Amino acid sequence: MVINCDCSKPSKSGFLRPAQNAHTYLRFQELGRTVNKGRVEGGSQLAASWPRPPAYRHEILDLNSKVGNSIPLADIRMGTWVHDIECHPGQGAKLARAAGTYAKIIKEPAPQCLVRLPSGVEKLIDSRCRATIGIVSNPNHGARKLRKAGQSRWSGRRPIVRGVAMNPVDHPHGGGEGRTKGGRPSVSPWGKPTKAGFRAGVGVGKRRI
């Protein structure tokens, strides 16, 4: 059983509205306490008085570290791996959604939480934003190799052909005797410059009335 806490959605009054499934959350907590309490009461008094290892004493279900729970960042421990992170409360998952990716909770101030994204960038996010505990499945997705060119076509990717390898009728860089450099700065097939720094002139030469 996992929990999807929607208490991060803000209300119109500016205060956090209670979660629609708050009763389920509390009921789940009470269920965990009842189960662990029954284990102690069901045994003999002598067994209950024996010293137990730390793992047994903390058998009560920890909802803040259970994989699959979607809870606000404010309730997640530091150092936890999370994915499907919201950028704004109630907006929906925006970060760390690709296969095999995860983010890490670095620091948790009161209003905002510091998260290290898969790219290595550390970003401050509202602590009310939700995140799912755990790592996205299929971590080997980026390491797979295509067996043939048709697999790339099945994914909707078309071949990439250089402009200098085309004919003049197909591309501004095409044609020429032997191997050429195009003879002009890099442009698109429609003649628009493609290098950095080019800005299309909007309304250039037009006088405002």
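Tyr-102 sits in the loop between β4 (93-95) and β5 (103-107). Helices (H or I, at least four residues) and strands (E, at least two) are DSSP runs, numbered from the N terminus. This is a predicted model: local features need pLDDT of at least 70, side-chain atom pairs count only at pLDDT 80 or more, and totals for chains, interfaces and linings use all residues. Residues are numbered from 1 along each chain as its sequence is written, and side-chain values use heavy atoms, leaving out hydrogens and water.

Tyr-102 is partly exposed, at 33% relative accessible area. Buried means under 20%, exposed over 50%, and partly exposed in between (1.4 Å probe, protein chains only). Together with Trp-81 and Ile-135, Tyr-102 forms a nonpolar patch on the surface, with about 280 Å² of accessible area in total. Patches take residues with over 30% relative accessible area and no salt bridge; like charges are joined within 9 Å, nonpolar side chains (Val, Leu, Ile, Met, Phe, Trp, Tyr) within 5 Å. A salt bridge is a side-chain nitrogen of Lys or Arg within 4 Å of a carboxyl oxygen of Asp or Glu. Areas come from the Shrake-Rupley method with a 1.4 Å probe; for residues, only the protein chains shown count as cover.

The largest nonpolar core has 16 residues. Such a core is a set of buried Ala, Val, Leu, Ile, Met, Phe, Trp, Tyr and Cys residues joined through side-chain atoms within 4.5 Å. Among the members with the most contacts inside it are Ile-85, Ile-105 and Val-115. β5, β6 (112-116) and β8 (130-133) each supply at least two of its residues.

Ile-85 belongs to strand β3 (residues 85-86). Contact means heavy atoms within 4.5 Å. Beyond four places in sequence, the contacts of Ile-85 include Leu-73, Leu-95, Val-115 and Ile-125. The C-alpha atoms of Ile-85 and Cys-129 are 7.2 Å apart, across 44 residues of chain.

The whole structure holds 0 disulfides, a disulfide being a pair of cysteine sulfur atoms within 2.5 Å. For Cys-113, the nearest cysteine sulfur is that of Cys-129, 9.6 Å away. For Cys-129, the nearest is that of Cys-87, at 7.2 Å.

| Residue | Relative accessible area |
|---|---|
| Ile-85 | 0% |
| Cys-113 | 0% |
| Cys-129 | 0% |
| Gln-151 | 16% |

Gln-151 lies in helix α4 (residues 149-154). Beyond four places in sequence, Gln-151 touches Lys-145 and Leu-146.
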